Amino acid sequence: MRVIFLILIFPVVLFNCGSSRPVMEGVESPIQSIPNPNQGKPAKNLILMIGDGMGLTQITAGIYDNNNYLTFEKFPITGLMKTHSYDNLVTDSAAGGTAMACGVKTYNNGVGVDKDGIPVKSILEEAEEKEMMTGIVVTSALVNATPATFMAHQKLRAFTEPIAEEIANSGVDFLVGGGKKYFDRRNSDDRNLLKEMETKDYQVEDFINNQRIQDVKINPGKKFVYLTADDDPLSKITGRNYLPYASKMGAEFLKARSENGFFMMIEGSQIDLGGHATNFKYVMSELQDFDETIKEVLQFAEKDGETLVVVTADHETGGLTIKEGSKLKKIKSDFAYGRHTGTMVPVFAYGPGSENFSGIFDNTDLYRKMKAALALESRN
Ligand SMILES: [Zn+2]
């Protein structure tokens, strides 16, 4: 019996061995993290980068889709973060953003408030109190949940016009994102918040007349806001191209104007939308765009030496998986469904204070780790 089995199985094994080739044939493995500067010292500046809906599989697929390399691999420190909200193992972006921005668990849909709906200060607001400069650059509307959790306090993320009002009053020095209509053509009142921002020392620019942010001349004495769309901006596939540029521009803008350092949040907002649409190409193009942005930010931070860069996600979207039969640049993917999932998300860190971002921790701990890295409490 055993002999018969071996006779039957042996040619199959032989055939498989003979025909198999290494999947990485001809591909260099460039994995090399960059040296970590100023360990043990507080960071002067912090750039937090959030890939909305960016789980480990999105990054893995992005790496294989890009011939086995993305900038993510340069980070010297990696960790894992739990993302559950106060009332749900599967968070939404409002509760996930609030955890990272304010350090508290809240219910899904809560923006910058605790589980009882009470406003909680965000790290951006605390940085402002310490006279640091602040910036937000996103590829969603500025009133969307993730950016809103850093600048606004509302019981529901759906309160977009009150959120716009809070953003207009936030004093954030550099703002780039969509959602113009929530500022200047409001349903709840006749106010034009962009006009009001001009009186509060903002240079206000937008996408109208095809003006690109790349062509805007900055007024050096003012704060800066550029509205990239009326609501959510275009996807990368349909022509959006500002995230890497605006992020670099923001970091340089804030650095040039701040003696006391800056806090900046950059979001690759639409990785999440690709997951909701269970559209793999959409996810990959948004992830590549986010990786391009990381490249710009790391170049800035390497030159600067005093900037901590932290990259993470609020949650995974889609339950993305890489299936058998996948090849480099030809991933066979599948989604569990077009909704968020409860899996842990990766954390990447570089720069002074980055050593505290390894291991497994809660998303509310990210807030405490960022504050500790900036020595925010002990700043004057
Ligand atoms: Zn989502």
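Where does glycine 112 lie? I found glycine 112 in the loop between helix 3 and helix 4.

**Ground rules.** I am working with a predicted model, where local features need pLDDT of at least 70 and side-chain atom pairs count only at pLDDT 80 or more, while totals for chains, interfaces and linings use all residues. I number residues from 1 along each chain as its sequence is written. My helices (H or I, at least four residues) and strands (E, at least two) are DSSP runs, numbered from the N terminus.

Entry 1: I checked burial here, calling a residue buried if 20 or more other C-beta atoms lie within 10 Å of its own, exposed if 12 or fewer, and partly exposed in between, with C-beta atoms placed from the backbone. Glycine 112 is buried, as 29 other C-beta atoms lie within 10 Å. I then listed contacts, meaning pairs whose C-beta atoms, placed from the backbone, lie within 7 Å. Setting aside residues up to four places away in sequence, glycine 112 touches Thr98, Ala101, Cys102, Pro119, Val120, Ser122, Thr149, Ala152 and His153. Glycine 112 and glutamine 154 sit 42 residues apart in sequence, yet their C-alpha atoms are 6.5 Å apart in space.

Serine 122 also has its place in the loop between helix 3 and helix 4. Is serine 122 buried or exposed? I noted serine 122 as buried, because 27 other C-beta atoms lie within 10 Å. Its contacts, again not counting residues up to four places away in sequence, are Ala101, Cys102, Gly112, Thr149 and Phe150. I also looked at serine 122 and valine 216, which are 94 residues apart along the chain, with 30 Å between their C-alpha atoms.

**Entry 2: a proline in helix 5.** Proline 147 lies in helix 5 (residues 145-151). I count proline 147 as buried because it has 31 C-beta neighbours inside 10 Å. Leaving aside neighbours within four places in sequence, I see proline 147 in contact with Ile136, Val138, Leu142, Gly177, Met265 and Glu267. From proline 147 to aspartate 206, 59 residues along the chain, the C-alpha separation is 18 Å.

Helix 5 came up again when I turned to helix 6 (residues 160-168), whose buried residues pack against helix 5, helix 7 (181-184) and helix 8 (193-199). The buried residues in helix 6 are Thr160, Ile163, Ala164, Glu165, Ile167 and Ala168.

**Entry 3: helix 2 on helix 11.** At what angle do helix 2 and helix 11 pack? I read about 85° between helix 2 (residues 56-65) and helix 11 (residues 280-304), with their axes 10 Å apart. That angle makes helix 2 roughly perpendicular to helix 11. For the record, axes are lines fitted to C-alpha atoms, for helices over the stretch in contact, and angles run from 0 to 180 degrees between N-to-C directions; 65 to 115 degrees counts as roughly perpendicular, under 35 as roughly parallel, over 145 as roughly antiparallel and the rest as oblique. Gln58, Ala61, Gly62 and Asp65 of helix 2 meet Val283, Met284, Leu287, Gln288 and Asp291 of helix 11.

I also checked what follows helix 11, and found glycine 305 with a positive phi near 80°.

Entry 4: The largest nonpolar core has 99 residues, and Leu46, Ile47, Met49, Val309, Val310, Ala349 and Met370 have the most contacts inside it. By nonpolar core I mean a set of buried Ala, Val, Leu, Ile, Met, Phe, Trp, Tyr and Cys residues joined through C-beta atoms within 7 Å. Which helix gives the most to this core? Helix 11 does, with 10 residues.

I followed leucine 46 and, leaving aside neighbours within four places in sequence, found it in contact with Phe263, Leu308, Met370, Ala373 and Leu374. Among the buried residues of helix 12 are Met370, Ala373 and Leu374. The buried residues of helix 12 pack against several elements, including strand 1 (45-51) and strand 8 (307-312). Just after helix 12, I noted that alanine 375 takes a positive phi of about 50°.

**Entry 5: two asparagines.** Asparagine 38 has a positive phi of about 50°, although it is not a glycine. I place asparagine 38 in the loop between helix 1 (2-19) and strand 1. Asparagine 68, in the loop between helix 2 and strand 2, has a positive phi near 75°. I logged asparagine 68 as partly exposed because it has 17 C-beta neighbours inside 10 Å.

Key:
Contact = placed C-beta atoms within 7 Å.
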